[in-house]
Amino acid sequence: MSQEAVLGERTAGGVIMDGQAGDSRTLGLIGCINELTVPLRQSGVSVHWETPPHGVEMPAARAALLYQAAQETLNCAFKYSQASELTLHLTAVEHRVRLTIADNGVGSQKQLLGGSEHGRGACLMVVAVYEAGGTISIDSVLGKGTLVSITLPLD
């Protein structure tokens, strides 16, 4: 099967597809998010994961929210960032879990919060994180990349 065909199976119209819902118990959060990076890897982006050696234990609702936030962030990176490197970092500190996703792409706020045609998913992600008692920051420097950091309480 060609790379284009495989990429087509995991993306549709430039959107990373959510095909891992049934695998969440087998793969865990880290494995499911890693599956979301496949289209980026196949397009030549070098993806680095930094995780605790034994993972992070959290309620299913928190894991689902982090997964959805990662999906939205990685989708934007895939569609807009033009990055060659992407780093994901998952940590647990003081009853909180934090996921950071950084890329070395074009670094434009439009990448995540762009005009009327784009950015709805990112806005919904921000609202969902705040409603869960968490925080989110989106830092972008033109020509240097974007860093998204999502922190959620574990309780």
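Predicted model: local features only at pLDDT ≥ 70, side-chain atom pairs only at ≥ 80, totals over all residues.

Entry 1: How many bridges join strand 5 to strand 7, and in which sense do the two run? I looked it up: eight bridges join them, and the strands run antiparallel, with strand 7 covering residues 145–153.

**Entry 2: overall tally.** I count six helices and seven strands. Reading from the N terminus, the elements go α-β-β-α-α-β-α-β-β-α-α-β-β. Of the 155 residues, 42% are buried. I also checked contacts with a separation of 6 or more: residues 24 or more positions apart account for 66% of them. The exposed surface comes to about 8300 Å², and carbon and sulfur atoms supply 53% of that.

Entry 3: Five strands make an open sheet, ordered 3-4-5-7-6, with mixed pairing. Strand 3 (46–50) and strand 6 (135–141) are the edges; each has a single partner strand, so one side of each has no neighbour in the sheet. On average, neighbouring strands here are turned by 10 degrees against each other, direction ignored.

**Entry 4: strand 6 up close.** Strand 6 pairs with strand 7 in the antiparallel sense, over seven bridges. Thr135 sits opposite Thr151 of strand 7. The two strands form a hairpin with three residues between them, and I noted that Gly143 in the turn has a positive phi of about 80 degrees.

Which residues of strand 6 are on the covered face, and which on the uncovered one? Ile136, Ile138 and Ser140 are on the covered face, while Thr135, Ser137, Asp139 and Val141 are on the uncovered one.

Entry 5: Helix 6 (residues 120–131) lies across strand 6 and strand 7, at about 145 degrees to strand 6. Helix 4 lies across strand 4 (85–93), strand 5 and strand 7, and runs at about 10 degrees to strand 5.

I gave helix 4 (residues 60–81) a quick length check. At 1.5 Å a residue, its 22 residues should span 32 Å, and the end C-alpha atoms are 30 Å apart, which agrees. Just after helix 4, Gln82 takes a positive phi of about 60 degrees.

**Entry 6: cysteines.** I went looking for disulfides and the count came to zero. Is Cys76 buried or exposed? Its relative accessible area is 5%, under the 20% cut-off, so Cys76 is buried. Cys123 has a relative accessible area of 43%, so I logged Cys123 as partly exposed.

**Entry 7: Ser108.** Where does Ser108 sit? I found Ser108 in the loop between strand 5 (96–103) and helix 5 (110–113). Its relative accessible area is 22%; buried needs under 20%, so Ser108 goes down as partly exposed. What does Ser108 touch, leaving out residues up to four places away in sequence? The answer is Ser140 and Thr146. Ser140 is one of the covered-face residues of strand 6. I also checked Asp139: it is 31 residues from Ser108 along the chain, and their C-alpha atoms are separated by 9.1 Å.

Note on methods:
Residues numbered from 1 in each chain as written. Heavy atoms only, no water. Helix = DSSP H or I, 4+ residues; strand = E, 2+ residues; numbered from the N terminus. Buried < 20%, exposed > 50% of the residue type's maximum accessible area, 1.4 Å probe, protein only. Contact = heavy atoms within 4.5 Å. Areas by Shrake-Rupley, 256 points an atom, 1.4 Å probe, with all protein chains shown as cover. Disulfide = S-S within 2.5 Å. Expected span 1.5 Å × (residues − 1). Pairing = 2+ DSSP bridges. Axes fitted to C-alpha atoms, helices over the stretch in contact; angles between N-to-C directions.
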